[in-house]
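Let's take a walk through this chain together, beginning with a single residue and widening the view from there. Please keep the model open beside you as you read.

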Amino acid sequence: TTRVDCSLLPEALRACPLCDVCVWVDPLDGTKELTLNNSEAVTTLIGISIAGRPVAGVIAQPFAVLPSGSSCRSVWGVVGVGVFFNDGNSAILTGGGVGSAGAAPARTGTVVVTTRSHNSAALQSVLEALEPEEVVRLGGAGNKVLAIIDGLADAYVFPSKGTKKWDTAAGEAVLRALGGRFTDALGKEYEYGPDVALMNTDGIVATLNNAAFHDRIVETCKAVLGRD
């Protein structure tokens, strides 16, 4: 078991009033993937927000297939502290770096990960305009964020409604803890307070260490959707 020294937490997190805290839980992200026997895509998600912004998250893969032989993997992080990876045998604090369940394949062009089961004309138009080297279609919001963290993809792009706040709170927190960005397709940040709308109506753009590509995706989505 790995314990985090609470003194490492930023003062704003240690001193926040309980009424500002909201916890978002998705016990089974990727339900359809489970029914299709694609259990590795299934994740359990726990996101914690303070004053509407995600600050801590856990992404657990209960059926992961790992080089260590373990069948369970967890990734968790806190903004301002770093991100931990646990493959069932050990845990590593990255402190803002990127860890992986295995070595990411070498590639020269951009790779975009997107939905496997919710295609749309808008998504196709965005992908055609971006012209990535490869488009990877995966199930589960948490699974797509893991693809970015593991270096398997440069961006998670989904310019349509379809996910809920419990699908994205954990992933956004972990990406932010690594220095990444997570916005809607128009470049706006989602709020995660207790009174927000549950549907993420304007889609998802998520990246890590690639601000220019994030901005390009957002501008492309705006052009395709005809919105600012």
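Find Arg-53, which sits in strand E3, residues 53–61. Strands here are DSSP runs of E with at least two residues, helices are runs of H or I with at least four, and both are numbered from the N terminus. Before going further, a word on the source: this is a predicted model, in which local features need pLDDT of at least 70 and side-chain atom pairs count only at pLDDT 80 or more, while totals for chains, interfaces and linings use all residues. Residues are numbered from 1 along each chain as its sequence is written, and side-chain values use heavy atoms, with hydrogens and water left out.

Is Arg-53 buried or exposed? Its relative accessible area is 16%, so Arg-53 counts as buried; the term means under 20%, with exposed meaning over 50% and partly exposed in between, using a 1.4 Å probe and protein chains only. Setting aside residues up to four places away in sequence, Arg-53 touches Ile-48, Glu-172, Arg-176, Glu-189, Tyr-190, Glu-191 and Tyr-192, where contact means heavy atoms within 4.5 Å.

Now step back to the whole chain. It holds 6 helices and 11 strands, and 46% of its 228 residues are buried. Among contacts with a separation of 6 or more, 61% join residues 24 or more positions apart. The chain exposes about 10,600 Å², with carbon and sulfur atoms supplying 54% of that area; accessible areas come from the Shrake-Rupley method with a 1.4 Å probe, and for residues only the protein chains shown count as cover.

H4 is mostly covered, with 9 of its 9 residues buried; among them are Lys-144 and Asn-143. Just after H4, Gly-151 takes a positive phi of about 80°.

How does H4 lie against its partner? Two packed helices are described by the angle between their axes and the distance between the axes. The axes of H4 and helix H5 (residues 165–177) come within 9 Å and cross at roughly 15°; these axes are lines fitted to C-alpha atoms over the stretch in contact, with angles from 0 to 180 degrees between N-to-C directions. H4 and H5 are therefore roughly parallel to each other, a label for angles under 35 degrees. In their contact, Ala-141, Val-145, Ile-148 and Ile-149 of H4 meet Asp-167, Gly-171, Val-174 and Leu-175 of H5. The residues of this contact divide into 6 nonpolar, 1 polar and 1 charged. Here Ala, Val, Leu, Ile, Met, Phe, Trp, Tyr, Cys and Pro count as nonpolar, Asp, Glu, Lys and Arg as charged, and the others, Gly among them, as polar.

The loops deserve a visit too. Asn-37, between helix H2 (31–35) and strand E2 (43–50), has a positive phi near 65° and is exposed, with a relative accessible area of 69%. Asn-209 lies between strand E11 (204–207) and helix H6 (211–225); its phi is near 60°, a positive value in a residue other than glycine, and it is exposed at 60% relative accessibility.

Finish at Thr-110, in the loop between strand E6 (91–93) and strand E7 (111–115). Thr-110 is partly exposed, at 24% relative accessibility. Beyond its neighbours within four places in sequence, Thr-110 is in contact with Pro-132, Glu-133, Glu-134, Asp-154 and Phe-213.

Definitions and conventions:
Parallel < 35°, antiparallel > 145°, perpendicular 65-115°, else oblique.
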